[in-house]
Amino acid sequence: MDTDELIRRLAADLQPVRPLKPPWVRALLWLGIALPYVAAVVWGKLTMIDASQVAGDVRFLVEQAATLATALTAAIAAFCSVIPGFGRRVLFLPLAPLGVWLASVGQGCVQDWLRLGAEGLRIRPDWDCLPLATVIGIVPTIVLVIMLRKGAPLRPRVTLALAALAVASVANFGMQFAHVGDASIMVLAWHLGAVAVLSMLGGWLGELILGWGHALGVR
Amino acid sequence: MTRHRDNSNGPADSGAERWRLLMQAAQRGDKSAYSSLLREILPVLRAIVGRRWGSRQDVDDIVQDILLSLHAVRNSYDPARPFMPWLVTIARRRVADAARRSSSRSMTEALVGEVAETFFAEDTNVPSNGYGDAEALARAMSGLPQGQRQAIELMKLREMSLKEAAAATGTSVGALKVSAHRGMLALRKALAAKS
(Lines give C-alpha, C1' and ligand atoms only; values in the text may rest on other atoms or scores of the structure.)
Protein backbone atom coordinates (compact mmCIF):
# COMPACT_ATOMS: atom_id res chain seq x y z
CA MET A 1 0.00 0.00 0.00
CA ASP A 2 1.14 3.53 -0.77
CA THR A 3 2.22 5.52 2.34
CA ASP A 4 -0.10 8.42 1.45
CA GLU A 5 -2.99 5.99 1.21
CA LEU A 6 -2.06 4.50 4.58
CA ILE A 7 -2.04 7.97 6.19
CA ARG A 8 -5.42 8.73 4.62
CA ARG A 9 -6.88 5.50 6.04
CA LEU A 10 -5.36 5.98 9.51
CA ALA A 11 -6.73 9.53 9.69
CA ALA A 12 -10.15 8.39 8.42
CA ASP A 13 -10.32 5.62 11.07
CA LEU A 14 -9.14 7.87 13.89
CA GLN A 15 -11.03 7.52 17.17
CA PRO A 16 -10.48 9.73 20.22
CA VAL A 17 -8.27 8.16 22.90
CA ARG A 18 -7.64 9.04 26.52
CA PRO A 19 -3.92 9.53 27.24
CA LEU A 20 -2.53 7.12 29.82
CA LYS A 21 -2.06 8.51 33.31
CA PRO A 22 1.56 9.07 34.49
CA PRO A 23 3.39 5.83 35.44
CA TRP A 24 3.52 6.62 39.16
CA VAL A 25 -0.27 7.21 39.24
CA ARG A 26 -0.86 3.92 37.41
CA ALA A 27 1.52 2.13 39.80
CA LEU A 28 -0.38 3.49 42.81
CA LEU A 29 -3.70 2.47 41.20
CA TRP A 30 -2.36 -1.05 40.70
CA LEU A 31 -1.09 -1.22 44.27
CA GLY A 32 -4.49 0.11 45.41
CA ILE A 33 -6.08 -2.99 43.87
CA ALA A 34 -3.32 -5.51 44.66
CA LEU A 35 -2.83 -4.69 48.35
CA PRO A 36 -6.46 -5.07 49.51
CA TYR A 37 -6.65 -8.34 47.56
CA VAL A 38 -3.45 -9.64 49.18
CA ALA A 39 -4.75 -8.55 52.59
CA ALA A 40 -8.04 -10.38 51.94
CA VAL A 41 -6.19 -13.60 50.99
CA VAL A 42 -4.00 -13.60 54.12
CA TRP A 43 -6.69 -12.15 56.39
CA GLY A 44 -6.90 -15.32 58.46
CA LYS A 45 -3.14 -15.17 59.17
CA LEU A 46 -3.24 -11.42 59.88
CA THR A 47 -5.72 -11.89 62.69
CA MET A 48 -3.43 -14.45 64.36
CA ILE A 49 -0.43 -12.11 64.50
CA ASP A 50 0.67 -10.62 67.80
CA ALA A 51 0.73 -6.92 66.86
CA SER A 52 3.04 -5.94 69.73
CA GLN A 53 5.59 -8.60 68.73
CA VAL A 54 5.57 -7.46 65.08
CA ALA A 55 5.79 -3.77 66.02
CA GLY A 56 8.94 -4.49 68.05
CA ASP A 57 10.65 -6.50 65.31
CA VAL A 58 12.65 -3.80 63.48
CA ARG A 59 14.15 -6.19 60.94
CA PHE A 60 10.70 -7.50 60.01
CA LEU A 61 9.40 -3.94 59.58
CA VAL A 62 12.41 -2.91 57.46
CA GLU A 63 12.00 -6.03 55.33
CA GLN A 64 8.31 -5.41 54.79
CA ALA A 65 8.87 -1.73 53.94
CA ALA A 66 11.61 -2.70 51.46
CA THR A 67 9.37 -5.39 49.93
CA LEU A 68 6.52 -2.93 49.45
CA ALA A 69 8.89 -0.29 48.04
CA THR A 70 10.27 -2.89 45.62
CA ALA A 71 6.73 -3.68 44.46
CA LEU A 72 5.90 0.00 43.96
CA THR A 73 9.15 0.97 42.20
CA ALA A 74 9.09 -2.15 40.00
CA ALA A 75 5.53 -1.27 38.97
CA ILE A 76 6.53 2.37 38.25
CA ALA A 77 9.49 1.15 36.16
CA ALA A 78 7.27 -1.34 34.31
CA PHE A 79 4.73 1.41 33.50
CA CYS A 80 7.55 3.75 32.38
CA SER A 81 8.88 1.04 30.09
CA VAL A 82 5.66 1.10 28.02
CA ILE A 83 5.77 4.89 27.52
CA PRO A 84 7.99 5.94 24.59
CA GLY A 85 10.45 8.67 25.51
CA PHE A 86 11.43 7.63 29.04
CA GLY A 87 15.12 7.04 29.59
CA ARG A 88 16.53 3.64 30.55
CA ARG A 89 17.73 4.76 33.96
CA VAL A 90 14.22 4.59 35.39
CA LEU A 91 14.24 0.84 34.76
CA PHE A 92 16.82 0.45 37.55
CA LEU A 93 14.55 2.16 40.09
CA PRO A 94 13.63 -1.06 41.98
CA LEU A 95 17.28 -1.97 42.56
CA ALA A 96 17.62 0.29 45.62
CA PRO A 97 14.72 -1.15 47.68
CA LEU A 98 15.53 -4.64 46.39
CA GLY A 99 19.07 -4.13 47.71
CA VAL A 100 17.72 -3.12 51.13
CA TRP A 101 15.42 -6.14 51.14
CA LEU A 102 18.29 -8.50 50.24
CA ALA A 103 20.61 -6.89 52.78
CA SER A 104 18.02 -7.24 55.53
CA VAL A 105 17.38 -10.90 54.71
CA GLY A 106 21.15 -11.46 54.46
CA GLN A 107 21.67 -9.93 57.86
CA GLY A 108 18.97 -12.25 59.24
CA CYS A 109 20.80 -15.25 57.75
CA VAL A 110 24.03 -14.21 59.46
CA GLN A 111 22.25 -13.73 62.79
CA ASP A 112 20.57 -17.15 62.47
CA TRP A 113 23.95 -18.73 61.68
CA LEU A 114 25.61 -17.10 64.70
CA ARG A 115 22.73 -18.17 66.94
CA LEU A 116 22.05 -21.70 65.64
CA GLY A 117 25.13 -22.64 63.63
CA ALA A 118 24.66 -24.72 60.45
CA GLU A 119 21.08 -25.57 61.52
CA GLY A 120 20.19 -21.88 61.12
CA LEU A 121 21.09 -22.06 57.41
CA ARG A 122 19.31 -25.32 56.58
CA ILE A 123 16.83 -25.01 53.74
CA ARG A 124 13.77 -27.15 54.26
CA PRO A 125 11.08 -27.94 51.69
CA ASP A 126 8.12 -25.57 52.06
CA TRP A 127 5.72 -26.70 49.31
CA ASP A 128 2.73 -26.07 51.60
CA CYS A 129 3.07 -22.39 50.77
CA LEU A 130 2.76 -22.91 47.03
CA PRO A 131 -1.08 -22.86 46.83
CA LEU A 132 -1.22 -19.66 48.93
CA ALA A 133 1.55 -18.04 46.87
CA THR A 134 -0.27 -18.94 43.65
CA VAL A 135 -3.62 -17.58 44.81
CA ILE A 136 -2.04 -14.41 46.19
CA GLY A 137 -0.38 -13.63 42.85
CA ILE A 138 -3.33 -14.20 40.50
CA VAL A 139 -5.23 -10.90 40.75
CA PRO A 140 -2.16 -8.60 40.90
CA THR A 141 -0.74 -10.38 37.83
CA ILE A 142 -3.92 -10.15 35.76
CA VAL A 143 -4.52 -6.49 36.64
CA LEU A 144 -0.90 -5.51 35.94
CA VAL A 145 -0.75 -7.29 32.57
CA ILE A 146 -4.05 -5.68 31.48
CA MET A 147 -2.72 -2.24 32.47
CA LEU A 148 0.65 -2.76 30.76
CA ARG A 149 -0.96 -3.90 27.51
CA LYS A 150 -2.48 -0.44 27.16
CA GLY A 151 1.01 1.00 26.59
CA ALA A 152 3.61 0.57 23.86
CA PRO A 153 5.50 -2.76 23.93
CA LEU A 154 8.94 -1.21 23.51
CA ARG A 155 10.89 -3.69 25.64
CA PRO A 156 8.46 -6.55 26.36
CA ARG A 157 11.00 -8.74 28.12
CA VAL A 158 12.17 -6.00 30.46
CA THR A 159 8.59 -4.84 31.09
CA LEU A 160 7.37 -8.29 32.02
CA ALA A 161 10.44 -9.03 34.16
CA LEU A 162 9.73 -5.81 36.10
CA ALA A 163 6.04 -6.71 36.32
CA ALA A 164 6.94 -10.14 37.70
CA LEU A 165 9.20 -8.48 40.26
CA ALA A 166 6.34 -6.15 41.29
CA VAL A 167 3.84 -9.00 41.63
CA ALA A 168 6.27 -11.29 43.46
CA SER A 169 7.16 -8.47 45.85
CA VAL A 170 3.57 -7.60 46.70
CA ALA A 171 2.80 -11.31 47.11
CA ASN A 172 5.81 -11.66 49.42
CA PHE A 173 4.60 -8.71 51.44
CA GLY A 174 1.43 -10.68 52.18
CA MET A 175 3.17 -14.03 52.59
CA GLN A 176 5.51 -12.62 55.22
CA PHE A 177 2.53 -12.13 57.55
CA ALA A 178 1.91 -15.87 57.22
CA HIS A 179 5.56 -16.58 58.12
CA VAL A 180 6.37 -14.23 60.97
CA GLY A 181 9.44 -15.63 62.75
CA ASP A 182 10.56 -17.83 59.85
CA ALA A 183 14.31 -18.39 59.43
CA SER A 184 15.81 -15.84 57.04
CA ILE A 185 17.36 -18.55 54.88
CA MET A 186 13.85 -19.85 54.17
CA VAL A 187 12.75 -16.36 53.14
CA LEU A 188 15.86 -16.03 50.96
CA ALA A 189 15.46 -19.42 49.31
CA TRP A 190 11.70 -19.60 48.85
CA HIS A 191 10.46 -16.02 48.70
CA LEU A 192 13.35 -14.28 46.96
CA GLY A 193 14.02 -17.44 44.92
CA ALA A 194 10.42 -17.27 43.69
CA VAL A 195 10.90 -13.58 42.85
CA ALA A 196 13.93 -14.43 40.71
CA VAL A 197 12.21 -17.35 38.97
CA LEU A 198 9.07 -15.31 38.26
CA SER A 199 11.10 -12.38 36.92
CA MET A 200 13.03 -14.66 34.57
CA LEU A 201 9.81 -16.36 33.45
CA GLY A 202 8.27 -12.92 32.84
CA GLY A 203 11.25 -11.88 30.76
CA TRP A 204 11.05 -15.08 28.75
CA LEU A 205 7.33 -14.67 28.00
CA GLY A 206 7.63 -10.93 27.34
CA GLU A 207 7.29 -10.97 23.54
CA LEU A 208 4.35 -13.37 23.71
CA ILE A 209 2.30 -11.39 26.20
CA LEU A 210 3.29 -7.81 25.38
CA GLY A 211 4.60 -7.87 21.80
CA TRP A 212 3.59 -5.53 18.97
CA GLY A 213 1.39 -8.31 17.61
CA HIS A 214 -1.08 -7.56 20.38
CA ALA A 215 -0.77 -3.75 20.08
CA LEU A 216 -1.33 -3.86 16.31
CA GLY A 217 -4.20 -6.31 16.67
CA VAL A 218 -2.57 -9.07 14.61
CA ARG A 219 -2.48 -11.61 17.42
CA MET B 1 12.49 9.82 37.38
CA THR B 2 14.40 10.15 34.11
CA ARG B 3 12.89 12.15 31.31
CA HIS B 4 14.18 12.79 27.83
CA ARG B 5 15.14 16.34 27.13
CA ASP B 6 13.74 17.88 23.95
CA ASN B 7 17.04 18.67 22.28
CA SER B 8 15.56 20.68 19.46
CA ASN B 9 15.93 24.45 19.34
CA GLY B 10 15.03 27.47 17.25
CA PRO B 11 12.78 26.71 14.26
CA ALA B 12 12.90 23.01 15.11
CA ASP B 13 11.42 23.91 18.49
CA SER B 14 8.39 25.52 16.91
CA GLY B 15 8.00 22.46 14.65
CA ALA B 16 8.12 20.10 17.62
CA GLU B 17 5.66 22.33 19.50
CA ARG B 18 3.31 22.31 16.49
CA TRP B 19 3.49 18.50 16.36
CA ARG B 20 2.81 18.30 20.09
CA LEU B 21 -0.35 20.35 19.60
CA LEU B 22 -1.38 18.35 16.52
CA MET B 23 -0.91 15.09 18.46
CA GLN B 24 -2.95 16.48 21.32
CA ALA B 25 -5.75 17.30 18.85
CA ALA B 26 -5.39 13.85 17.27
CA GLN B 27 -5.90 12.22 20.68
CA ARG B 28 -9.17 14.15 20.89
CA GLY B 29 -10.18 12.65 17.52
CA ASP B 30 -9.29 15.56 15.15
CA LYS B 31 -8.78 13.72 11.84
CA SER B 32 -7.40 16.66 9.89
CA ALA B 33 -4.82 17.44 12.60
CA TYR B 34 -3.80 13.79 12.61
CA SER B 35 -3.46 13.66 8.84
CA SER B 36 -1.29 16.82 8.88
CA LEU B 37 0.85 15.42 11.67
CA LEU B 38 1.49 12.10 9.92
CA ARG B 39 2.37 13.86 6.65
CA GLU B 40 4.70 16.30 8.40
CA ILE B 41 6.60 13.64 10.33
CA LEU B 42 7.16 11.45 7.25
CA PRO B 43 10.54 13.05 6.34
CA VAL B 44 11.73 12.56 9.93
CA LEU B 45 10.71 8.91 9.88
CA ARG B 46 12.28 8.37 6.44
CA ALA B 47 15.53 9.91 7.71
CA ILE B 48 15.59 7.69 10.81
CA VAL B 49 14.88 4.54 8.80
CA GLY B 50 17.09 5.56 5.86
CA ARG B 51 20.14 5.79 8.11
CA ARG B 52 19.86 2.04 8.66
CA TRP B 53 18.25 0.75 5.47
CA GLY B 54 19.43 1.52 1.96
CA SER B 55 16.67 0.15 -0.21
CA ARG B 56 13.77 2.51 -0.82
CA GLN B 57 11.24 -0.32 -0.76
CA ASP B 58 12.45 -1.46 2.68
CA VAL B 59 12.42 2.13 3.95
CA ASP B 60 8.81 2.62 2.88
CA ASP B 61 7.75 -0.69 4.44
CA ILE B 62 9.35 0.16 7.76
CA VAL B 63 8.02 3.73 7.74
CA GLN B 64 4.52 2.30 7.24
CA ASP B 65 5.16 -0.12 10.10
CA ILE B 66 6.12 2.83 12.32
CA LEU B 67 2.99 4.76 11.31
CA LEU B 68 0.81 1.77 12.20
CA SER B 69 2.64 1.34 15.51
CA LEU B 70 2.31 4.95 16.62
CA HIS B 71 -1.35 4.86 15.60
CA ALA B 72 -1.86 1.76 17.78
CA VAL B 73 -0.19 3.32 20.84
CA ARG B 74 -1.21 6.97 20.40
CA ASN B 75 -2.78 6.85 23.88
CA SER B 76 0.74 6.41 25.31
CA TYR B 77 1.66 9.98 24.37
CA ASP B 78 1.43 12.36 27.33
CA PRO B 79 0.52 15.84 25.96
CA ALA B 80 2.50 17.44 28.80
CA ARG B 81 5.73 15.89 27.52
CA PRO B 82 7.75 16.71 24.38
CA PHE B 83 6.63 14.96 21.20
CA MET B 84 9.96 14.18 19.53
CA PRO B 85 11.37 11.71 22.11
CA TRP B 86 8.05 9.82 21.95
CA LEU B 87 8.15 9.63 18.17
CA VAL B 88 11.85 8.84 17.88
CA THR B 89 11.67 6.06 20.50
CA ILE B 90 8.88 4.28 18.62
CA ALA B 91 10.66 4.75 15.28
CA ARG B 92 13.99 3.44 16.56
CA ARG B 93 12.36 0.49 18.27
CA ARG B 94 10.52 -0.52 15.10
CA VAL B 95 13.71 -0.12 13.04
CA ALA B 96 15.49 -2.41 15.52
CA ASP B 97 12.61 -4.91 15.29
CA ALA B 98 12.85 -4.84 11.48
CA ALA B 99 16.60 -5.41 11.66
CA ARG B 100 16.06 -8.36 13.98
CA ARG B 101 13.40 -9.81 11.68
CA SER B 102 15.65 -9.34 8.69
CA SER B 103 18.66 -10.99 10.32
CA SER B 104 16.63 -13.95 11.57
CA ARG B 105 15.14 -14.31 8.07
CA SER B 106 18.57 -14.30 6.49
CA MET B 107 19.69 -16.98 8.94
CA THR B 108 16.86 -19.32 7.93
CA GLU B 109 16.90 -18.57 4.20
CA ALA B 110 19.24 -20.44 1.89
CA LEU B 111 20.58 -18.87 -1.26
CA VAL B 112 20.13 -21.21 -4.22
CA GLY B 113 21.58 -21.00 -7.67
CA GLU B 114 19.48 -20.35 -10.75
CA VAL B 115 17.05 -23.18 -11.27
CA ALA B 116 17.78 -24.74 -14.62
CA GLU B 117 14.25 -25.80 -15.49
CA THR B 118 10.88 -24.52 -14.56
CA PHE B 119 8.42 -26.61 -16.57
CA PHE B 120 8.80 -29.47 -19.01
CA ALA B 121 7.53 -27.44 -21.97
CA GLU B 122 10.41 -26.31 -24.18
CA ASP B 123 9.39 -22.69 -24.56
CA THR B 124 9.62 -22.16 -20.80
CA ASN B 125 13.24 -23.31 -20.79
CA VAL B 126 14.93 -21.01 -23.27
CA PRO B 127 18.39 -20.30 -21.94
CA SER B 128 18.84 -16.61 -21.38
CA ASN B 129 21.73 -14.38 -20.51
CA GLY B 130 20.83 -12.61 -17.29
CA TYR B 131 22.77 -9.53 -18.25
CA GLY B 132 21.12 -9.05 -21.65
CA ASP B 133 23.30 -8.12 -24.57
CA ALA B 134 26.82 -8.03 -23.12
CA GLU B 135 28.28 -6.43 -26.21
CA ALA B 136 25.76 -3.63 -26.24
CA LEU B 137 26.42 -3.07 -22.54
CA ALA B 138 30.17 -2.89 -23.13
CA ARG B 139 29.66 -0.41 -25.97
CA ALA B 140 27.36 1.74 -23.83
CA MET B 141 29.89 1.64 -21.00
CA SER B 142 32.70 2.77 -23.25
CA GLY B 143 30.60 5.76 -24.30
CA LEU B 144 30.31 7.00 -20.73
CA PRO B 145 32.53 9.79 -19.36
CA GLN B 146 35.52 8.46 -17.37
CA GLY B 147 34.13 9.40 -13.91
CA GLN B 148 30.73 7.79 -14.49
CA ARG B 149 32.27 4.64 -16.02
CA GLN B 150 34.62 4.25 -13.07
CA ALA B 151 31.81 4.75 -10.54
CA ILE B 152 29.67 2.05 -12.18
CA GLU B 153 32.58 -0.37 -12.57
CA LEU B 154 33.52 -0.11 -8.92
CA MET B 155 30.06 -0.05 -7.35
CA LYS B 156 27.90 -2.12 -9.69
CA LEU B 157 30.35 -4.57 -11.26
CA ARG B 158 32.90 -4.98 -8.46
CA GLU B 159 30.19 -4.46 -5.81
CA MET B 160 32.24 -2.06 -3.70
CA SER B 161 30.42 -0.03 -1.08
CA LEU B 162 30.16 3.73 -1.54
CA LYS B 163 32.85 4.26 1.08
CA GLU B 164 35.22 1.74 -0.48
CA ALA B 165 34.72 3.13 -3.97
CA ALA B 166 35.23 6.69 -2.73
CA ALA B 167 38.47 5.64 -1.04
CA ALA B 168 39.63 3.84 -4.19
CA THR B 169 38.96 6.81 -6.48
CA GLY B 170 39.90 9.55 -4.04
CA THR B 171 36.57 11.35 -4.53
CA SER B 172 33.86 12.18 -2.02
CA VAL B 173 30.95 9.82 -1.33
CA GLY B 174 28.48 12.46 -2.56
CA ALA B 175 30.31 13.02 -5.86
CA LEU B 176 30.56 9.28 -6.42
CA LYS B 177 26.84 8.84 -5.77
CA VAL B 178 26.03 11.50 -8.35
CA SER B 179 28.41 9.96 -10.92
CA ALA B 180 26.94 6.48 -10.44
CA HIS B 181 23.38 7.81 -10.69
CA ARG B 182 24.11 9.80 -13.85
CA GLY B 183 26.02 6.89 -15.33
CA MET B 184 23.12 4.49 -14.74
CA LEU B 185 20.69 6.93 -16.38
CA ALA B 186 22.99 7.32 -19.39
CA LEU B 187 23.42 3.53 -19.67
CA ARG B 188 19.69 2.95 -19.52
CA LYS B 189 19.12 5.56 -22.19
CA ALA B 190 21.83 4.11 -24.43
CA LEU B 191 20.57 0.52 -24.08
CA ALA B 192 16.95 1.55 -24.63
CA ALA B 193 17.92 3.39 -27.82
CA LYS B 194 19.71 0.26 -29.14
CA SER B 195 16.81 -2.10 -28.49
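This is a predicted model: local features need pLDDT of at least 70, side-chain atom pairs count only at pLDDT 80 or more; totals for chains, interfaces and linings use all residues.
Visitor: With which residue does Asp97(B) form a salt bridge?

Guide: The rule asks for a side-chain nitrogen of Lys or Arg within 4 Å of a carboxyl oxygen of Asp or Glu. For Asp97(B) the partner is Arg100(B), with the closest N and O atoms 3.1 Å apart. Arg100(B) is partly exposed, at a relative accessible area of 45%, whereas Asp97(B) is buried. Both residues lie in helix H4 of chain B, 3 residues apart, so about one helical turn separates them.

Visitor: Which residues are linked with Asp97(B) in a network of salt bridges?

Guide: The network takes in Asp65(B), Arg94(B) and Arg100(B) along with Asp97(B).

Visitor: Where in chain B are Arg18(B) and Glu40(B), which also meet in a salt bridge?

Guide: Their side chains come to 2.4 Å, N to O. Arg18(B) belongs to helix H1 of chain B and Glu40(B) to helix H2, 22 residues apart, and the pair links distant parts of the chain. Each end is partly exposed: Arg18(B) has a relative accessible area of 41%, and Glu40(B) has 28%.

Visitor: How many salt bridges does the rule find over all chains?

Guide: The count is 10. One of the pairs is Arg39(B) with Asp4(A): Arg39(B) lies in helix H2 of chain B and Asp4(A) in helix H1 of chain A, so this pair joins two chains. The distance is 3.5 Å, N to O. Arg39(B) is partly exposed at 37%, as is Asp4(A) at 40%. Between chain A and chain B the count is 1 salt bridge.

Visitor: What area do chain A and chain B bury between them?

Guide: The size of an interface is often given as the accessible area lost when the parts come together. Here the buried area (accessible area that two parts lose on being put together, 1.4 Å probe, summed over both) is about 3,300 Å², 66% of it on carbon and sulfur atoms. In chain A the residues that lose the most area to chain B are Ile7(A), Leu14(A) and Trp212(A), together 20% of what that side buries. By contact (heavy atoms within 4.5 Å), 37 residues of chain A meet 39 residues of chain B.

Visitor: How many residue pairs are in polar contact across the interface of chain A and chain B?

Guide: A polar contact is a pair of N or O atoms within 3.5 Å; within protein, one must be able to donate a hydrogen and the other to accept it, and residues adjacent in sequence count only if both atoms are side-chain atoms. The rule finds 8 such residue pairs across this interface, both residues at pLDDT 80 or more. On the side of chain A that touches chain B, helices H1 (3–12), H5 (58–80) and H10 (212–215) of chain A each supply at least two residues. H1(A) gives the most, with 8 residues.

Visitor: Which residues have the most contacts inside the largest nonpolar core?

Guide: A nonpolar core is a set of buried Ala, Val, Leu, Ile, Met, Phe, Trp, Tyr and Cys residues joined through side-chain atoms within 4.5 Å. The largest has 42 residues, and those with the most contacts inside it are Ile41(B), Ile66(B), Leu67(B), Leu70(B), Phe83(B) and Trp86(B). H1 of chain A and helices H1 (11–27), H2 (31–50), H3 (56–72) and H4 (83–108) of chain B each supply at least two residues of this core. H4(B) provides the largest share, 10 residues. A second, separate core has 40 residues, among them Val38(A), Ala78(A), Leu91(A) and Val143(A).

Visitor: What is Leu67(B) in contact with, leaving aside its neighbours within four places in sequence?

Guide: From chain A, Leu67(B) contacts Thr3(A), Leu6(A), Ile7(A) and Leu10(A); from chain B, Leu38(B), Leu42(B) and Leu45(B).

Visitor: How many helices and strands does chain B have?

Guide: Helices (H or I, at least four residues) and strands (E, at least two) are DSSP runs, numbered from the N terminus. Chain B has 8 helices and 0 strands, and chain A has 10 helices and 0 strands. Of the 195 residues of chain B, 34% count as buried; for the 219 residues of chain A the figure is 46%.

How values were computed. Residues are numbered from 1 along each chain as its sequence is written. Chains are lettered from A and ligands numbered from 1 in the order in which they are written. Side-chain values use heavy atoms; hydrogens and water are left out. Buried means under 20% relative accessible area, exposed over 50%, partly exposed in between (1.4 Å probe, protein chains only).
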